[in-house]
Amino acid sequence: MENKSNNKIIIEVKNLTKSFNETMVLNDINFKLFEGESLAIIGASGSGKSVLLKNIIGLLSPDKGSIKINNLEMVGLKRSVKEKILLDLGITFQHGALFDSLQNWENIVFKVKNKEKLTDKDAKELALSIIKRLGLNSEILDLYPSEISGGMQKRVAIARAICGNPKVLLFDEPTSGLDPVTGSLIDKLIKSAVKTVGGSAITITHDMASVCKVADKVILIDKQTISWSGTPKEMLKTDNAQIKDFIKSTNPKLFI
Amino acid sequence: MNLINSIFKICGTIGQKFLKFLSNIGHFFIFFITAIFWIFRPPWYFKKIFYQIIDIGYFSLPVVGLTTFFSGMVLALQTYNGFSELNNETTVARVVLTSITRELGPVLTGLMVAGRIGAKMAAEIATMRVTEQIDALGTLGTRPMQYLIAPKIIASLICIPVLVLLGNTIGILGGYIIAIFKLEFNPSIYLYATVEYLQWIDIIQGTVKAAIFGLIISMVSCYFGFNATKGAEGVGYATTASVVISSVMILTSTYIITALFFG
């Protein structure tokens, strides 16, 4: 777990607590994401995984605690500075969150086109190069998100996240709703995206096969807090009942 | 004792509702100021402003034209029936002109646009909110207020005054058609009376009203859309609330503006 301790800390979450009205969702969450590391966050539905991600990217504010990205405190940070930091992050949302009114290629290059002032032609070529890596064909580029399948939408959302090679990738259930072959392709892509740019990734998932493929470190969120953490190998041998149940449901040994 | 408790309970509920109402007004005011701030800050998304102008201006023209055209016709007919002793070209022309330019043109246009565009804006933004598209925008280096809201407000401020001017013209034309072809008035006298009674203050007042209605429709619709929650139900609520509140505010503000100009 501490083998990356000599590396730079990319994201550090300390004593994070978040409630909605009277309901506590996260309580005293602590973890570090090191440079070049891929972290998987697992947990039952409604355990607060997505809430944690939204706190990290500043869409929600924690009640207590600290979130540092590249050693910069995000809680209470000026919005304009926060936005600049977020530009270096690649994020996918649980349901894709593609812009309905834009064609797929415009969705994919949305951030990069604005940032680097690309022409439509160059931007479209960039989008094409990315979707090829995701096993999509060029025909979907000119279509709107509503005109492609849910699985394709998921891949377009991932394409949007990795466009511009951000150093930090945050994926919220990237393989849910995908067939096993495409899911496996996405896992490989996440792994290679982290390796290629020497970046770091946080992946929220229920898919234990996916965890084994993409993660260097795993944390389990249960009863509002991190109830277990370790490597994927340790995960397969753990006595933690919830992890055992997760493993039983997918038998990741088949996929390693 | 029970009665006192019940009274306290009722007062508490009323108080809570009132505080919630004040809180909503406060939120709307903050939204309003923020939106105005982003209207004047670059970058301006000209492509989006252009699309909004087409949507609000060009595509609203048929419904606004039809509404004001028939209103002008009805007005001419009712004026003729209502003022039977004074039936002449000048009376009908004057009533049609004044009613259309001062009230009916701006108010009917405002209500039609609130129904057509306000509902669309609220539904579009609310859907983007509940499907996390607005959250995604923020993480992609784009400010939602600047990218989504500002173009809609700018386009409304440009289009609705133009729509009102066109609607006024069409409404007066409707009155003219009835006056000439049904009431068999003299076209030259009717036209002369129309031009003679046309006053700059009426046109200015109508345009000011239209600009304020544009601001009301876009702000209210964007506010409800932007703050939508609870999935599909939230989208429905945002759409209904935006149309109802825009319409009420249009009817309230038209009185205030008229009182300021002619009171």
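1. Helix 4 and helix 8 of chain B are roughly parallel to each other, a label given to angles under 35 degrees, whereas angles over 145 count as roughly antiparallel, 65 to 115 as roughly perpendicular and the rest as oblique. In this predicted model, the axes of helix 4 (residues 89-130) and helix 8 (residues 200-226) of chain B come within 8 Å and cross at roughly 20°, the axes being lines fitted to C-alpha atoms, for helices over the stretch in contact, with angles running from 0 to 180 degrees between N-to-C directions. The residues of this contact of helix 4 with helix 8 of chain B comprise 16 nonpolar, eleven polar and five charged, where Ala, Val, Leu, Ile, Met, Phe, Trp, Tyr, Cys and Pro count as nonpolar, Asp, Glu, Lys and Arg as charged, and the others, Gly among them, as polar.

2. Conventions: residues are numbered from 1 along each chain as its sequence is written, and chains are lettered from A and ligands numbered from 1 in the order in which they are written. As this is a predicted model, local features need pLDDT of at least 70 and side-chain atom pairs count only at pLDDT 80 or more, while totals for chains, interfaces and linings use all residues. Helices (H or I, at least four residues) and strands (E, at least two) are DSSP runs, numbered from the N terminus.

3. Chain A holds an open sheet of four strands in the order 2-1-4-5, with antiparallel pairing; two strands pair if DSSP finds at least two bridges between them. Strand 2 (23-34) and strand 5 (72-73) of chain A form the edges, each pairing on one side only. Strand 1 (residues 9-20) and strand 4 (residues 64-69) of chain A run antiparallel and are joined by five bridges, and Glu12(A) stands opposite Lys68(A) in strand 4.

4. Asp28(A), in strand 2 of chain A, has a positive phi near 55°, and Asn70(A), in the loop between strand 4 and strand 5 of chain A, has one of about 50°. With 13 C-beta neighbours inside 10 Å, Asp28(A) counts as partly exposed (buried means 20 or more other C-beta atoms within 10 Å of a residue's own, exposed 12 or fewer, partly exposed in between, with C-beta atoms placed from the backbone), and Asn70(A), with 15, is likewise partly exposed.

5. In chain B, the peptide bond from Pro42(B) to Pro43(B) is cis, with omega near 0°, and Pro43(B) is found in the loop between helix 1 (2-39) and helix 2 (46-58).
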